[in-house]
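Here are my notes after a pass through this one. Have the structure open while you read, and take the points in any order you like.

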Amino acid sequence: MSPHRESGRPALVFDSERTGLTREALRRDFLGNLFFVQGKFPALATACDYYLALAHTVRDRMLHRWISTASVYTERGSRTVAYLSAEFLTGAHLGNNLMNLGIEDAVRDVVEGQGLSLEALLAQEHEPGLGNGGLGRLAACFLDSLATLEVPTLGYGIRYEFGIFEQQIVDGWQVEKTDKWLRIGNPWEIVRPEWTQSVGFGGQTETQVDASGRSRVRWIPAKVVNGVPYDTPILGYRNNTANTLRLWKSEAPESFDFEVFNRGDYYGAVNQKISSETISKVLYPNDEQPSGKALRLEQQYFFVCCSLKDMFRILEVQKIPVERFHEKFAVQLNDTHPAIAIAELMRLLVDEHGLSFDGAWRVTRKTFAYTNHTLLPEALEEWPIELFGRVLPRHLEIVFEINARFLDEVRIRFLGDAERIRRMSLIDEEGVRSVRMAHLACVGSHAINGVAELHSRLLQEHLLRDFHELWPGKFQNKTNGVTPRRWIVLSNPGLTRLVTEAIGTDWIRDLEQVRKLEPLAEDAGFRAAWLAVKLENKRRLATFVRERTGITVDPESMYDCQVKRIHEYKRQHLNVLHVVHLYRLLKADPGLDIPPRTFVFGGKAAPGYHVAKRIIKLITSVGDVVNRDPAVRDRLRVVFVPNFNVETGQRIYPAADLSEQISTAGKEASGTGNMKFAMNGALTIGTLDGANIEIRDAVGPENFFLFGLDAEEVAELWRRGHDPRACYEADDDLRAILDLIREGFFSHGDRELFGGLVDGLLGHDPYLVLADFRAYVDRQAEVSRVFVDRTEWARRSILNAARVGHFSSDRSIRAYCEEIWRVEPVPIRLLAEDEVKTDILQ
């Protein structure tokens, strides 16, 4: 008899046919969901109907694992990772879930048996754009690894109604369109209105004395909104674990004021609903205006308040005292966006649960760990005191109290160092007084980590040096990683088959196993098969590029790829200068012996980042000229793939020959695109920046095209004084390239269009594009020489893929679990029918 029956709790009986993985069970459920969920029969069903029916069929299988996982976690009171992130860029779910369940072949047979194409159904899914780039994609990779490694985890974030904008290219310019990822609904999520949390904003605080004579602060908010959780199961690879991604949607406590409506104020009747729902309406609202700044702060507080209250709910269900909060939950702050959680946990412990300030602070500092993702000081969030106090008055009081106690600690440690006190304070007193969120994260966390060895060292030596000198034991490095399941198995099935035939399947769970491929780099037959897989991926990308852009590219050419967020420090404009350099060389000598190249660009510029948007225009304008010039168009092609996202990345990474990782040394925290390219056999041209350094060490310097100044040389150059115009005057090629751009050759004679870009490079060159130009183009010439030797290129490509097992997110997560979170795997046994309780979900 099950323990649930012994306790008198009712059991939920599920139909095992709805969880079966046989072809017949899948077929029956697929057609049943078309009828019962979509309300259609085949003669009327659209491709979207079939996609949704298939999604619900797959979700039925996931729910068995999800319920079983929640049951085990709840009964054991398992220590749980709570991953707080403003972004989760998961990518499409259907293909990933088919892979994790191991039912791709069976589902394909079922779908094709109905005269349908699985690829056509996969294409119906709208990718959730709930992130801006690397930060959100890293969070998604981590959730994948946490589930695969069977680590109890809750991912917490915001269910943005409109995610990162859809990018269109119109006349060469980026145009932002609304990302309506929910236009057909989301079959992968389950709403949990019974776990709704209330969130306050504004208002005032008042001090009271309780029955025991202790002073208590009561916050009286001016506005309250509800946070409604939407849960998405996150499967592990071929195991029984299904963790939870819990995203919060903001709603009004009362969505319709009937009395106001009856007075004829129809807008006023729904005004509270509109105002409340704005909080989760859009990812990263433009914060150039005060209202936008306030909304971003409200977003950040909204999701951490909901998440922490949800954790207290779980403590209550599992009968764990609040004083042991830190024993139940290891809370990771993914950058500074959720740092307000430190003040919120203090408020909940002190104001709501009656702990002393000292007791609450001990719990708080044992709960949180902080990952820093940037070396750019301007990217460290600060909130003006006036705004912070207006939106979160109680939290400002708590921050002031934390700061006062912290600065006393600093004064004792560093006697008489007033300048250090000023630098380390949680409050920036210069100019507009502001709360420094990165400082709050450092003070309130028991561990602080960077995301690559160089990044972590530069944090300790520069950006967070004072905190490192105070607490050297807090600082760690945790180099980023990416999941090989999505970025090889799902994205590159040809390579997956080839590798699996050679070394078996263990590498999918343990990427270090791909090192067994190294000897095969000397095998002519394996090299030929490797190149054949790459060529087929390039053909598929060529078809995709033609459909998206109308540009025809040659799959036999070198695919030279740079796809990432558009930013000056990532130096897409340096890449463009090389394109123009090759164009000039071929115009001067059409018989020049260099291999054909296709330059593939992709990435989004922030809507308010005008220089980045002009760089996109430069790329497309150079492409327009190069692609239509009959003298070079068979030798050079330039394409800008619009709306770069996870799905587009899954097409580009497997097809790339050359990976452009050319950021200014000391600016990129880690990068993860560099890892995805290398895993798929692309060779890298790059600087000693971020994780490039570790990738180069892993694959071997001879298999990495290094160029440019390193971080120390960059710092020394700025100390000496960088003169970009001297670079211009000393290099005939550089001078000719910049003059060609400035004089309007790529802008129909318009000298103003790119004049500002060129003047910026000549006047200041903040990211040392001109300083690194000559080293870059010389190294690119070597790339061309190696590429024409197909045997040598294949050998290096195989060695790149074989030596990057270290950059799996599984390795990253194991390190977090062992060295920061102190959490153990919890294997899951699937529940039998009579074991499913009604009250087990966490």
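1. Which residues does Trp 507 touch, not counting residues up to four places away in sequence? They are Ile 488, Val 489, Thr 496, Val 499, Thr 500, Gln 513 and Val 514. Bear in mind that this is a predicted model. Trp 507 itself is found in the loop between α21 (493-503) and α22 (524-549). Despite that loop position, Trp 507 has 1% relative accessibility; the cut-off for buried is under 20%, so Trp 507 counts as buried.

2. Now the whole protein. There are 34 helices and 23 strands in it. The radius of gyration is 28 Å, close to the 28 Å that the globule rule gives for 842 residues, so the protein is as compact as a globular protein of that length. Along the principal axes, the C-alpha atoms fill a box of roughly 90 × 75 × 65 Å. Of the 842 residues, 60% are buried. Looking at contacts with a separation of 6 or more, 76% of them involve residues 24 or more positions apart.

3. The accessible surface comes to about 31900 Å², and carbon and sulfur atoms hold 50% of that. I get 104 positive and 117 negative side chains, with the centres of the two sets 1 Å apart.

4. Strand β10 (residues 242-251) deserves a look. Is β10 mostly covered or mostly open? Mostly covered: eight of its ten residues are buried. β10 pairs with strand β2 (residues 153-158) in the parallel sense, over five bridges, and Ile 158 has Trp 248 as its bridge partner there. With strand β9 (residues 223-235), β10 runs antiparallel, and ten bridges join the two; in that pairing Tyr 230 is partnered by Leu 247. β9 and β10 also form a hairpin with six residues between them, and Arg 238 in the turn has a positive phi of about 55°.

5. There is another hairpin to compare by eye. β3 (residues 166-170) and β4 (residues 173-177) are antiparallel and joined by five bridges, with Gln 168 opposite Val 175. Two residues lie between β3 and β4, and Asp 171 in the turn has a positive phi of about 55°.

6. Then a three-stranded piece. Which order do the strands of this open sheet take? It is β13-β15-β14, with antiparallel pairing. β13 (382-384) and β14 (427-428) are the edge strands, each pairing on one side only. Three bridges hold the antiparallel pairing of β13 with strand β15 (residues 434-436), where Pro 384 stands opposite Ser 434.

7. Pro 338 has 0% relative accessibility and counts as buried. Beyond its neighbours within four places in sequence, Pro 338 is in contact with Leu 84, Phe 303, Val 304 and Leu 333. The C-alpha atom of Pro 338 is 13 Å from that of Trp 383, a residue 45 positions away along the chain. Asp 335 is also buried, at 10% relative accessibility, and its phi is near 75°, a positive value in a residue other than glycine.

8. Please check the backbone at Asn 643 as well. Asn 643 is not a glycine, yet it has a positive phi of about 60°. Asn 643 is found in the loop between β20 (636-641) and α25 (646-655), and it is buried, with a relative accessible area of 17%.

9. Asp 29 lies in helix α2 (residues 23-36). Setting aside neighbours within four places in sequence, Asp 29 is in contact with Arg 18, Thr 57, Asp 60 and Arg 61.

Methods: Residues are numbered from 1 along each chain as its sequence is written. This is a predicted model: local features need pLDDT of at least 70, side-chain atom pairs count only at pLDDT 80 or more; totals for chains, interfaces and linings use all residues. Side-chain values use heavy atoms; hydrogens and water are left out. Helices (H or I, at least four residues) and strands (E, at least two) are DSSP runs, numbered from the N terminus. The radius of gyration is taken over C-alpha atoms; the globule rule is 2.2 Å times the number of residues to the power 0.38. Buried means under 20% relative accessible area, exposed over 50%, partly exposed in between (1.4 Å probe, protein chains only). Contact means heavy atoms within 4.5 Å. Accessible areas come from the Shrake-Rupley method with a 1.4 Å probe; for residues, only the protein chains shown count as cover. Lys and Arg count as positive and Asp and Glu as negative; His and the chain ends are not counted. The place of a charge is taken as NZ of Lys, CZ of Arg, CG of Asp or CD of Glu. Two strands pair if DSSP finds at least two bridges between them.
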